[in-house]
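Reader: I'd like to learn how to read cavities, pockets, sheets and helices in a model like this. Can you walk me through them?

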Amino acid sequence: MRVEPLTRLVGHLAVPGDKSISHRAVLFGALGDGETRVTGFGRSADTEATIEAVRALGVTVYEHDHDTLRIFGKGLRGLVSPGRPIDCANAGTLVRLLTGILAGQNGQQFELTGDASLSARPMKRVTEPLSRMGAALETEDGHLPLGIDARPLRSITYELPVASAQVKSAILLAGLYATGETTVVEPTPTRDHTELMLEAAGVTITRRESSVTVQPAERLDLGEIEVPGDFSSAAPFIIAATLLPGSELHIHGVNLNPRRTGLLTILERMGGRVTVYNRRRIGGEPAGDLDIRSADLVATTVLGPEVPLAIDELPLFALAASCAHGNSRLRGAEELRAKESDRVEATVDALRSLGQHVIATEDGFRIRGVPTRPRGGRIESRGDHRIAMLGAIAALASADGVEIDDAECVAVSFPGFFELLAQLKETSERQEA
């Protein structure tokens, strides 16, 4: 797909429901007693894989329209093995959280599989702590397929070697089935959607500055879940409006959980002009509307503690930094190398192919900013939805446009991305005329 440059970006938009919360809404609804109604569901290839996974486990899910679901849960201990592998497709959140849940379905056996990309991602970081809890798990050299022989679980206190909301969530979910309280200690704070939703479902959660503890539970009761807009889906448009002179963009109903919005803190430091207004709570999460204006950016350094708060947006930070004044640096982001692609190398290769000055390091990258438009060219998405969206935003800010290889992979998280981008371009060009 080829995306052409744009002079400025103006208009109003709403992005799909938060993918992380949508995964959890379906999984926790499947464990609930009775009906859970989900509105604002963020539909994507990943979240549809979650729907199909719980259906395979005996849960009824009605899809009333594009973003409304009714889930009839089987109870905390009521999931049933389908007797065949459960396909997690490309969904890392699904495979890791589901491992924690299925480890507690005592007396049953399960197998989880995924596509080639997911099968290349490490599972040991989940299987190691769950094995300490008594789970019987088998992988192929630390990768999918994953066999689960569910047995009685015991509580543990576990220090995460690498900050990961997915691993933390898997342990907490297994903790619902364990004897005694289970504690996860984090090196730095990560997304807390699991804790918030479990609390809403009646589970006893204790949160401290660097740890979270869950008590065993007998039931989950969610009732209704409203999903706010996905900040990670809003982020490409935030960067586009920041880079294109004369832009004025409004994005409505976005999740503003502070453990998700590290990019806003980074942009503020760089001189970005993003204003939050109409703050409110949507589905128990902080949310609001964003007013983004173009800005002349300056360089900054992003260090380890900020990485989990902006993990999905770090490729976009690299683009912004490459168009800023001065030299920027990302450190402590080894986790980027274990995503759908090696996102350090994929980001560096993508931006260098457009003439930007970016160098990969072991735990991030170094960037020499030049406050002019990238020249344009062609990028390889490597089948990674975040890199494909990076290419599209770089194209808008470029001099000559960008051709994106395998652009269709954006459907993993944001199927309507290019359609929404086209609508915004049309609105902006009409305003220009």
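This is a predicted model: local features need pLDDT of at least 70, side-chain atom pairs count only at pLDDT 80 or more; totals for chains, interfaces and linings use all residues.

Reader: Okay, which residues line the largest cavity here?

Author: The lining is made of Ser-232, Ala-235, Pro-236, Asp-312, Glu-313, Pro-315, Leu-316, Arg-386, Met-389 and Leu-390. Helices H8, H10 (314-322) and H12 (385-397) are the elements that give two or more residues to that lining. The space inside comes to about 70 Å³, and the structure holds one cavity of 30 Å³ or more.

Reader: And what is the volume of the largest pocket?

Author: A pocket, unlike a cavity, is an open set of points. The largest pocket has a volume of about 610 Å³. It has 38 lining residues, and the closest to its centre are Ser-164, Gln-166, Ile-311, Glu-335 and Lys-339. Helices H1, H3, H6 (165-175) and H12 each supply at least two residues of this lining.

Reader: Let's turn to sheets. In what order do the strands of the sheet with E2 come?

Author: The general idea is that strands of a sheet pair through backbone hydrogen bonds, either parallel or antiparallel. In this case, four strands make an open sheet in the order E2-E17-E19-E18, with mixed pairing. E2 (10-14) and E18 (273-282) each have a single partner strand, so one side of each edge strand has no neighbour in the sheet. From one strand to the next, the twist averages 15°.

Reader: In what sense do E2 and E17 pair, parallel or antiparallel?

Author: They're parallel, over five bridges, with E17 covering residues 248-255. To find the pairing on screen, look for Gly-11, which stands opposite Leu-249 in E17. Then look for H8 (residues 231-243), which lies across E2, E17, E18 and E19 (285-293) and runs at about 165° to E17.

Reader: Which strands stand at the edges of the sheet with E11?

Author: Here the open sheet has four strands, E11-E13-E15-E14, again listed in order, and the pairing is mixed. E11 (157-159) and E14 are at the edges with a single partner strand each, so each has one side left without a neighbour in the sheet. The average twist between one strand and the next is 15°. E14 and E15 run antiparallel, joined by three bridges; in E15, Val-214 is the bridge partner of Ile-205. H6 packs on this sheet and touches E11, E13 (182-185) and E15, with its direction at about 170° to that of E13. Helix H7 (residues 193-200) lies across E14 and E15, at about 140° to E14.

Reader: What about Glu-209: buried or exposed?

Author: Exposed means over 50% relative accessible area. Glu-209 is at 78%, so it counts as exposed. Its place is in the loop between E14 (205-207) and E15 (211-214). Glu-186 is 23 residues away from Glu-209 in sequence, with 9.1 Å between their C-alpha atoms.

Reader: Last one: which residues of H2 are buried?

Author: Buried means under 20% on that scale. In H2, the buried residues are Asp-46, Thr-47, Ala-49, Thr-50, Ile-51, Ala-53, Val-54 and Ala-56. They pack against H1 (19-31), E4 (60-65), E5 (68-74), E6 (86-87) and H3 (92-102). H2 (residues 45-56) has twelve residues and reaches 16 Å from its first C-alpha to its last, close to the 16 Å expected. Gly-58, with a positive phi near 95°, follows H2.

Definitions and conventions: Residues are numbered from 1 along each chain as its sequence is written. Side-chain values use heavy atoms; hydrogens and water are left out. The expected span of a helix is 1.5 Å times one less than its number of residues. Buried means under 20% relative accessible area, exposed over 50%, partly exposed in between (1.4 Å probe, protein chains only). Contact means heavy atoms within 4.5 Å. Two strands pair if DSSP finds at least two bridges between them. Axes are lines fitted to C-alpha atoms, for helices over the stretch in contact, and angles run from 0 to 180 degrees between N-to-C directions. On a 1 Å grid over the protein atoms alone, a cavity is a set of points where a 1.4 Å probe fits but cannot get out, and a pocket is an open set with protein on both sides within 12 Å along at least five of seven lines; lining residues have an atom within 4 Å of a point. Grid points are joined across faces, edges and corners, and a volume is the space filled by probe spheres set on the points.
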